[in-house]
Amino acid sequence: MVVFKECLGRTPFASLLAAFIVVIGTAVFCGTSYKALQLTVIGIFNNLFDYSLDWLQVLQVMFVVIGSVMGGYALILLIFGFLATGATRSNIYSGAKCIMGGRITAAFFMALSYIFTLGWMAIFALAMVPVIGYISVDSICEEEIYSQSAQELEDSKYTFKLDRFGIYSDNDKDITDHTELRALCNKVREAGPLFCIALGACGLVVVGMIHFLITLAANYTRIKISRELTDYRDAVEMEELDLSQSSKKGPPPYRDGIPYRDGTIEL
C-alpha cells in the first residue's frame, strides 16, 4: 500500500493526460488527413479532371513527419513531467546547479510548446478550408446531381467546372457524364467526413498543447521553490531534533534558584 501511494505521488497525471491527448489527436489527424488527401488527389483531381497536384502529395509525406515529431515531443515532455513530480523532483533537482538546469529546461520546453501551439492553430485554420469545400460541393451534389436521374442530367447537359471554385488548369477539363458526376460526389462524400474528423483532431492537439503549457509552467514553479522548501524542511527537522534531545536530559538540580553542576545539595 505504501509503495502504491509512492507511485501515485510520482506519477504526473497532468502531463500523462496531455501526452495522451496530443498523441491520440496527432495520430487521428495524420491518418485521416493522409487518406482524405489520397482520395482527393488521386480519386478526384487525377482520375476525373486529369489535374496534377504534386504539392498535395508532398503534404501526405509531411503528415507522417509531423506525426513522428509530435509523438516524440509528447514523450519527452512526459519524461520531464515524471522528473519534476513528487519525490523524484527532490532527488533529481536537489542541488543549486540541478535546480538551475531544471528551470532552464522547463523554460525551453515552454517556449517550444508555445511555438508548436501556434503552429497547430495555423494548421487548424488551414484544415477548415477543405471542410468548407466539402460542405459546398456536397450541397451541389445533393441539390443538382443526386436529385436528378441520369437521363435528366444528359438532357440538361449539366457540367461541373472547377473554375466555379477558383481552380484553373491548362487542360480545363469539365465533367458532363452522369457516371463521372456521381463518382465525383461519391468521392467527395467519402473524403469529406475524414476532413471533418481531421479538423476535430487538430483542435484536440491544440487543447493538449495548451495543457502541456500549463503543466510546464507549474513544474517550472515547483522546481524553482524546491530548494527553498528543502532548506526549510531541514531547518524544521533540526529544530525538532534539538528540542527532543533537550527534553530527554531533564532539568538540572536547583538550590535557592542556583543549580549545582554535580547535582549535590550543600547543607
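Visitor: What does Phe 212 touch?
Guide: Leaving out residues up to four places away in sequence, Phe 212 touches Ser 15, Ala 18, Ala 19, Val 22, Ala 74 and Leu 77. Contact here means heavy atoms within 4.5 Å.

Visitor: What sort of model is this?
Guide: This is a predicted model, where local features need pLDDT of at least 70, side-chain atom pairs count only at pLDDT 80 or more, and totals for chains, interfaces and linings use all residues. Residues are numbered from 1 along each chain as its sequence is written, and side-chain values use heavy atoms, with hydrogens and water left out.

Visitor: How many residues are in the largest nonpolar core?
Guide: That core has 56 residues. Phe 29, Phe 49, Phe 160, Leu 184 and Phe 212 have the most contacts inside it. A nonpolar core is a set of buried Ala, Val, Leu, Ile, Met, Phe, Trp, Tyr and Cys residues joined through side-chain atoms within 4.5 Å. Buried means under 20% relative accessible area, exposed over 50%, partly exposed in between (1.4 Å probe, protein chains only).

Visitor: Which elements give two or more residues to it?
Guide: Helix H2 (13-46), H3, H5 and helix H7 (178-249) do. H7 gives the most, with 17 residues. Helices are DSSP runs (H or I, at least four residues), numbered from the N terminus.

Visitor: Switching to aromatics. How many pairs does the structure hold?
Guide: Five. Ring centres must lie within 6.5 Å; planes under 30 degrees apart count as stacked, over 60 as edge-to-face and the rest as tilted. Tyr 73 and Phe 109 are edge-to-face, at 6.4 Å centre to centre and 75 degrees between the planes.

Visitor: Where do those two sit?
Guide: Tyr 73 is in helix H3 (residues 54-83) and Phe 109 in helix H5, 36 residues apart. The pair links distant parts of the chain.

Visitor: Why is the pair of Phe 108 and Phe 109 called tilted?
Guide: Because the planes are at 50 degrees, with the centres 5.8 Å apart.

Visitor: Is Phe 108 buried or exposed?
Guide: Exposed, with a relative accessible area of 51%. Phe 109 counts as buried, at 12%.

Visitor: Which residues form the aromatic cluster?
Guide: Tyr 73, Phe 80, Phe 108, Phe 109 and Phe 116.

Visitor: And Thr 117, buried or exposed?
Guide: Buried, at 4% relative accessible area. Thr 117 lies in helix H5 (residues 96-145).

Key:
Phe/Tyr/Trp six-rings, centres within 6.5 Å; stacked < 30°, edge-to-face > 60°.
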